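Please read the points below beside the sequence and the model.

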Amino acid sequence: MGDFDAVLKHWGPVEADYNAFGSLVLTRLFAEHPETQKLFPKFVGIPQGELASNAAVADHGATVLKKLGELLKAKGNHAAILKPLANSHANKHKIPINNFKLISEIVVKVMAEKAGLDGAGQQGLRNVMAKVIADLEANYKELGFTG
């Protein structure tokens, strides 16, 4: 449980402003990995320079971080949260598993810079996300999605 606690003790600033953090996460994801922007059909036509001020980007980023918060607070008991997420991301959105690895690292960077996530917290978040992504991948395989 140490990894979860190491991250959750720095989660307050994220919870206080999901939209701002969500905007930072997605804007940075699209800047560092431009190919990921096309996985979000409603963001495809938005120029890089306009992403940070786009309300829809901030809203979707907030949704991502709220779900991450649920996963963190579940402290490993996340099967019921993960199953519908896997189903929608495999069957509807067709999101390859590697993209979860990319966004996880962006969340680590943003939280380190903006929420004071220390070294132990950064490693904790990487550990938590590795487990979540492995479980997500197992769900993908059950669904027959090999993305």
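**Notes on the core and its surroundings**

1. The largest nonpolar core has 45 residues, and Leu65, Met111, Leu125 and Tyr140 have the most contacts inside it. A nonpolar core here is a set of buried Ala, Val, Leu, Ile, Met, Phe, Trp, Tyr and Cys residues joined through side-chain atoms within 4.5 Å. At least two core residues each come from helix H1 (2-8), H3, H5, helix H6 (79-92), H7 and helix H8 (119-143). H7 gives the largest share, eight residues. Helices are DSSP runs (H or I, at least four residues), numbered from the N terminus.

2. On provenance: this is a predicted model, in which local features need pLDDT of at least 70 and side-chain atom pairs count only at pLDDT 80 or more, while totals for chains, interfaces and linings use all residues. Residues are numbered from 1 along each chain as its sequence is written, and side-chain values use heavy atoms, with hydrogens and water left out.

3. Helix H3 (residues 18-32) has 15 residues and spans 21 Å from first to last C-alpha, close to the expected 21 Å; the expected span is 1.5 Å times one less than the number of residues. Its buried residues are Tyr18, Phe21, Gly22, Ser23, Val25, Leu26, Thr27, Leu29 and Phe30, where buried means under 20% relative accessible area (1.4 Å probe, protein chains only). These residues pack against helix H2 (12-16), helix H4 (48-51), helix H5 (55-74) and helix H7 (98-114).

4. How do H3 and H7 cross? Their axes, lines fitted to C-alpha atoms over the stretch in contact, come within 9 Å and cross at roughly 125°. The angle runs from 0 to 180 degrees between N-to-C directions.

5. Not counting residues up to four places away in sequence, Met111 touches Val7, His10, Trp11, Val14, Gly116, Leu117 and Leu125, contact being heavy atoms within 4.5 Å. His10 lies in the loop between H1 and H2 and counts as buried because its relative accessibility is 13%. Among the residues that His10 touches are Ala115 and Asp118.

6. Is His78 buried or exposed? At 4% relative accessibility, His78 counts as buried. His78 lies in the loop between H5 and H6. Leaving aside neighbours within four places in sequence, His78 contacts Leu71, Lys131, Val132 and Asp135.

How values were computed: Buried < 20%, exposed > 50% of the residue type's maximum accessible area, 1.4 Å probe, protein only.
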